[in-house]
Amino acid sequence: MKNWKKIASVGSAVVLLGILAACGGGSKEKTDGSSKKADEKTLLMYQIGDKPDNYDALMEVANKRIEEKTGVKLNIQYIGWGDYEKKMSVIVSSGENYDIAFADNYVPNAQKGAFADLTELAPKFAKDAYDQLDEAYIKGNLVDGKLYAFPVNGNVYSQQVLTFNKQYLDKYNLSIDNIKSYKDAENALKTFHEKEPTVAAFAIGQGFKAQGEFDFPVGNNYPFAIDLKGDPKKIVNQYENKDFMDVLKTMHKWYKAGYIPSDAATSNTEFPLEGNTWFIRQETQGPYDYGDTILSNAAGQELVSKAFTTPLKSTAQAQMANFVVSNTSKNKEKAVEVLGQINSDPELLNGLVWGIEGEAWEKIPGKEDKIKLLDGYKPNTHLSAWNTGNNKILYTQDTITDDMIKERDESIANAETSPILGFNFVTSSVKTELSNIANVMNQYLDGLNTGTVDPEVTVPKLKEALENAGYEKVLTEMQKQYDAFLKK
């Protein structure tokens, strides 16, 4: 699940409200392939986000387990969201000696040789955890045929949903049963706006991206896309696609009707999940969200979502939460072993993600892998699940039923795989053109996606600006590399 504003913020909220993950697997024994004695007794890990208030207490418990199983301890240094990319860039470029880090600019840094090659190390020193990974995690993280990351096993697929504030559905007796697209939501939007004209009907703002059935070789800030309903071997301009143009026209219609905030293209207004400041919002959900369970708990009220895109295993999802081992590390094998322990040891991982057992939570007698939260379970007293470790071995609250877990696993098995999963575009020959294209897109993205401007007038201007920026050169090089990727 992620908010269109900031994926990580809602991911954190999910964990704070405590229902995130499944029961099952994972050995409590030491991971296979123990390495030789480490040169140092404490490994240094860099992690993104805010340091828990009770970090020392959490790590005292965790390190007792880690040292018992691996012979070393772990020192986690936190770097804030806004500073992580900049500081990690300095750390990587300076050749600083560290052991593990939450991956930043994974592919470029892997290609530069900043990270250790885990192709053979991961299956050997983190075998139990490695064997639990969906194949998409491995394929989606290969760089020039080699694996440089150990990914967190979580939402390996995602799909876009329209999420409705149920208090308003009930208040105005609105049905959403047949909603499978943006257009299908129009009648509900119209009725709601007539009843509550001062409340954001479709709560979006700056940075919002209208969605379709696409995947993106270099991210959806650029126009390059694969049409999942068209030719999977051809890279196209998303803004030339008829179906997506229809979506943009719908956004513009809604904007003119007042369903979208008038300042959406420039506004950073927050629409909190909790409360009554919005009617519909756009979210991203995956298997470990258990439908609307996580979202509703984060909101503190019942929310109802309707999916409008295909569940897709993509490179973006595969690389959502990667941990890398530095090439400067003197303890590469031991670092992989520690990552393996975190991702395969339920006792260790649950103590980090839920907090200290007996203070924040306790097991429910007679119910395997089920827990009850205690009064000591508070915000900032545990780590986030999505970027800590294997969600499959996390304990769950009673609200997550066996049927929900079965449905989760079946949905993972049945999700579609993107044709560009594992394709990494090498940009060295077109850096200038890509920079120019990025500048063009920055001028047009918010206006088009929020419906503020008329796409029939604006898209032709966008296409002309893209041509002047070097779009064809980039497309030709991208298609050439993609053709080579498909042949492999």
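Me: What does buried mean here, in terms of relative accessible area?
Reply: Buried means under 20% relative accessible area, exposed means over 50%, and partly exposed is in between. The model is a predicted one.

Me: Where does E433 fall then, buried or exposed?
Reply: E433 has a relative accessible area of 15%, so it is buried.

Me: What does the side chain of E433 meet?
Reply: It meets the side chain of K473 in a salt bridge, at 3.2 Å from N to O. That pair links distant parts of the chain, with E433 in helix α16 (residues 431-449) and K473 in helix α18 (residues 471-487), 40 residues apart. K473 has 46% relative accessibility and therefore counts as partly exposed.

Me: How many salt bridges does the structure hold?
Reply: There are 16 salt bridges in the structure.

Me: Which residue does E456 form a salt bridge with?
Reply: The partner of E456 is K249, and their closest N and O atoms are 3.6 Å apart. E456 belongs to helix α17 (residues 455-469) and K249 to helix α10 (residues 242-257), so this pair ties together parts that are 207 residues apart in sequence. E456 is exposed, because its relative accessible area is 53%. K249, at 35% relative accessibility, counts as partly exposed.

Me: And K190, what does that pair with?
Reply: K190 forms a salt bridge with E194, and the closest N and O atoms are 2.7 Å apart. The two residues are 4 residues apart in helix α9 (residues 186-195), so about one helical turn separates them. K190 counts as partly exposed at 42% relative accessibility, while E194 counts as exposed at 53%.

Me: Which residues are linked with R65 in a network?
Reply: D345 and E347 are linked with R65 in a network of salt bridges.

Me: Switching to surface charge. Which residues gather in the patch of negative charge?
Reply: D402, D403, E407 and E410 gather there, on the surface. D403 lies in helix α15, which covers residues 402-414. With 61% relative accessibility, D403 counts as exposed.

Me: What about R408, where is that found?
Reply: R408 is found in helix α15 too. At 2% relative accessibility it counts as buried.

Me: How far is the C-alpha atom of R408 from that of K256?
Reply: The two C-alpha atoms are separated by 39 Å, and the residues are 152 apart along the chain.

Me: On to strands. In what order do β17, β18 and β19 form their sheet?
Reply: The order is β17-β18-β19, in an open sheet of 3 strands with mixed pairing. β17 (361-363) and β19 (396-397) stand at the edges with a single partner strand each, so one side of each has no neighbour in the sheet.

Me: Parallel or antiparallel for β18 and β19?
Reply: Strand β18 (residues 370-373) pairs with β19 in the parallel sense, over 2 bridges. K370 has T396 in β19 as its bridge partner.

Me: What is the phi of D369?
Reply: Phi of D369 is near 60°, a positive value in a residue other than glycine. Most residues other than glycine have a negative phi. D369 is found in the loop between β17 and β18, and it is buried, with a relative accessible area of 19%.

Me: And N173, what is its phi?
Reply: Phi of N173 is near 50°, again a positive value in a residue other than glycine. N173 sits in the loop between α8 (166-171) and α9. N173 is exposed, with 70% relative accessible area.

Me: Back to burial. Which residues cover the two sides of strand β11, and are they buried or exposed?
Reply: F224 and I226 are on one side of strand β11 (residues 224-227), A225 and D227 are on the other, and all are buried. In a regular strand the side chains alternate between the two faces of the sheet.

Me: Which strands does β11 pair with?
Reply: Strand β10 (residues 214-215) pairs with β11 in the antiparallel sense over 2 bridges, and D215 has I226 as its bridge partner. β11 is also joined to strand β12 (residues 235-237) by 3 bridges, running antiparallel. There, the bridge partner of F224 is N237.

Me: Last one: how many residues of helix α13 are buried?
Reply: Helix α13 (residues 332-342) has 9 of its 11 residues buried, so it is mostly covered. Among them are V336, L339 and I342.

Notes: Residues are numbered from 1 along each chain as its sequence is written. This is a predicted model: local features need pLDDT of at least 70, side-chain atom pairs count only at pLDDT 80 or more; totals for chains, interfaces and linings use all residues. Side-chain values use heavy atoms; hydrogens and water are left out. Patches are made of residues with over 30% relative accessible area and no salt bridge: like charges are joined within 9 Å, nonpolar side chains (Val, Leu, Ile, Met, Phe, Trp, Tyr) within 5 Å. Accessible areas come from the Shrake-Rupley method with a 1.4 Å probe; for residues, only the protein chains shown count as cover. A salt bridge is a side-chain nitrogen of Lys or Arg within 4 Å of a carboxyl oxygen of Asp or Glu. Lys and Arg count as positive and Asp and Glu as negative; His and the chain ends are not counted. The place of a charge is taken as NZ of Lys, CZ of Arg, CG of Asp or CD of Glu. Buried means under 20% relative accessible area, exposed over 50%, partly exposed in between (1.4 Å probe, protein chains only). Two strands pair if DSSP finds at least two bridges between them.
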